[in-house]
Amino acid sequence: MSELVIFSLVFGGFFVLRGIAATVFFYFILPEGDRCPNCDGVTLRVQSKGWNTLLPFVRTSWCYECDWHGLLRHGPLTPVSPTREFTKTP
Ligand SMILES: [Zn+2]
C-alpha cells in the first residue's frame, strides 16, 4: 500500500472521527425538554426540513415569547394548562 493511501486513510479517518465526536458532544450540551434556554418559556416544535433530515434525534423549537429558535433534546414536555393565555411580551 502506498504511503499516499495510508496518509489519506489516517487523516481522513481523523477528520470523520472529529465530526462524529463534535456531534456527540454538542448533542449532550443541548438542553432537554421544551423549555427555552433564553427565557425559560415553553417552546413550540417547528418543522425544519433540513435539521429534521440531518438530525432526526433533536427537536427543532421556536420560543414565541422571545423569538428564540434552535435545537433541543427530546425530553419531558410542559403540561398545557387549559386556562393559560398566550401573550407576547415586548
Ligand atoms: Zn424564549
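Predicted model: local features only at pLDDT ≥ 70, side-chain atom pairs only at ≥ 80, totals over all residues.
## The β2–β3 pair

Strand β2 (residues 58-63) runs antiparallel to β3, and 5 bridges join the two. Strands here are DSSP runs of E with at least two residues, numbered from the N terminus, and two strands pair if DSSP finds at least two bridges between them.

Residues are numbered from 1 along each chain as its sequence is written, and side-chain values use heavy atoms, with hydrogens and water left out.

## The whole sheet

The sheet is open, with 3 strands in the order β1-β2-β3 and antiparallel pairing. β1 (43-45) and β3 (69-73) stand at its edges with a single partner strand each, so one side of each has no neighbour in the sheet. On average, neighbouring strands are turned by 45 degrees against each other, direction ignored; the axes are lines fitted to C-alpha atoms, and angles run from 0 to 180 degrees between N-to-C directions.

## The zinc site

Let us turn to the metal. Cys36, Cys39, Cys63 and Cys66 coordinate the zinc ion through their SG atoms, at 2.2 to 2.3 Å. Donors are N, O and S atoms within 2.8 Å of the metal (3.2 Å for Na, K and Ca); water is not among the atoms, so sites may look incomplete. Along the chain the donors follow the spacing C-x2-C-x23-C-x2-C.

The site is tetrahedral, with angles of 103 to 114 degrees among the 4 donor atoms; four donors count as tetrahedral if all angles lie between 85 and 135 degrees. For comparison, the ideal angle for four tetrahedral donors is 109.5 degrees. Cys63 is buried, with a relative accessible area of 0%, whereas Cys66 is partly exposed at 29%. Buried means under 20% relative accessible area, exposed over 50%, and partly exposed in between (1.4 Å probe, protein chains only).

## After β3

Pro76 lies in the segment after β3 and is exposed, at 61% relative accessibility. Leaving aside neighbours within four places in sequence, Pro76 is in contact (heavy atoms within 4.5 Å) with Glu32, Gly33 and Asp34. Pro76 and Glu32 are 44 residues apart in sequence, but 7.6 Å apart in space, C-alpha to C-alpha.

Notes:
Tetrahedral: all angles 85-135°; square planar, octahedral: opposite > 155°, others 65-115°. Helix = DSSP H or I, 4+ residues; strand = E, 2+ residues; numbered from the N terminus.
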